[in-house]
Amino acid sequence: MSKLLYRENSFCQNWQTIVIDTYEKDGLYFVALQETAFYPGGGGQPADSGSIAGVEVQAVEMKDDVPYYGLESQVNKQVDCQINWEHRFDLMQQHTGQHLLSASFRIKADRETVGFHLGQDDVTIDVAGDKLTDEELVEVERKANELLYDDKTISSYYVTSEQLAELPVVKQPTVTENVRIVEVEGVEYNPCGGTHVRSTGQVGLIKILKVEKQKQAQRIFFQCGKRAFDTAKTMFGIVDKAAAQFQTNRSNVLERLEKQSADLQAAVKRSEVLENQLEQLELKEIMQTEERIINRSFEGKTVKALQRMAGTVAESGKDFVILSNYIERKLVFAHHIEGMHSGSLFRESLAAFNGKGGGNAQIAQASFSAQEDMDRYIDFLKAHYQSIV
């Protein structure tokens, strides 16, 4: 068995030890160590990263409750090991912060934590119950950070089943022997095998980011410590840039954004009215012509608009209607000829012109990789018309 140094001292960063077992798998050399400070992962917390004899740990596997570390090359029996401390301390801040946030949900909102995940960017807990109010979230977050300000001592130790029965633990452990308790002074006793900081103040900051409904629970996204600091710095940078754009200060940015959004929506509505008026004039011009085959190109028209116009023109009695957006290489075709099927024509002919599309009996649409291909297809449709009339 390996001696698990991380359970005794989560601040151990470097140590010397002996390789006690090895095996090869998937191109990696897996080694077990006599003493290890590498947390192998579990309980929602990812595994540590680091190096053994200068070789980076690529993977971790558990075999008969012993952690094995996958390396790209073989190492000597006696090895120097090193934790990636920035990664380890980040995980300790997030995991300890989770304990404190979960405790705050119990204290302020009477919500139990039913799930935990520590990801590369965000950390989440699932708390039981229906939607949380904004007031509850503010109170929970405030309480969690107050626990940081109090800088309460965090300790870990093993208890017997008899001792466990006397403790007001957050939840009952899944094991009955070698139960490790993580105690936050005056706050909670939590059966946990993960790594934690020495006092709550070392978490630094706890910030709730958002909440999403998750089955019968609410998923809380949050960050702690340096992650939360970096996110706050990024968000303040974004707000400051927006403030500079509006030539105002941070406190007025939201008001300016809301006004800009309202102005934009009004402009879109005016644009839609004008576009509809223009479309009616364009349709009137087309339908007043004596042409039986219509070929027009419109800049900026969507396929939906082209379909609407082509259908209207065909219903007015025009035999062949070809409308396109030349810049975007989009084409819509409609007809007013009995027995003809637009979709079938497109499916049978488009491939020869490097086009893609389809449609129903009356109307079809296509897109082309090059304008030359669309020009050739328009000529093909005109020739097809001449061949059937």
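User: Which side chain does Arg-88 meet in a salt bridge?

Analyst: A salt bridge is read from a Lys or Arg side-chain nitrogen within 4 Å of a carboxyl oxygen of Asp or Glu. In this predicted model, the side chains of Arg-88 and Asp-48 form such a pair, with an N to O distance of 2.6 Å.

User: Are Arg-88 and Asp-48 buried or exposed?

Analyst: Buried means under 20% relative accessible area. Both Arg-88 and Asp-48 are buried.

User: What salt bridge does Asp-319 form?

Analyst: Asp-319 pairs with Arg-292, and their closest N and O atoms are 3.2 Å apart. Asp-319 is in the loop between α7 (303-315) and β18 (320-325), and Arg-292 is in the loop between α6 (253-287) and β17 (293-297), so this pair ties together parts 27 residues apart in sequence. Asp-319 has a relative accessible area of 15% and is buried, whereas Arg-292, at 39%, is partly exposed.

User: Which residue forms a salt bridge with Lys-210?

Analyst: The partner of Lys-210 is Glu-212, with 3.2 Å between the closest N and O atoms. Lys-210 is partly exposed, its relative accessible area being 41%; Glu-212 is also partly exposed, at 36%.

User: Which residues are linked in a network of salt bridges?

Analyst: Glu-275, Glu-282 and Lys-301 are linked in this way.

User: How many salt bridges does the structure hold?

Analyst: The count is 18 salt bridges.

Conventions: Residues numbered from 1 in each chain as written. Predicted model: local features only at pLDDT ≥ 70, side-chain atom pairs only at ≥ 80, totals over all residues. Heavy atoms only, no water. Buried < 20%, exposed > 50% of the residue type's maximum accessible area, 1.4 Å probe, protein only. Helix = DSSP H or I, 4+ residues; strand = E, 2+ residues; numbered from the N terminus.
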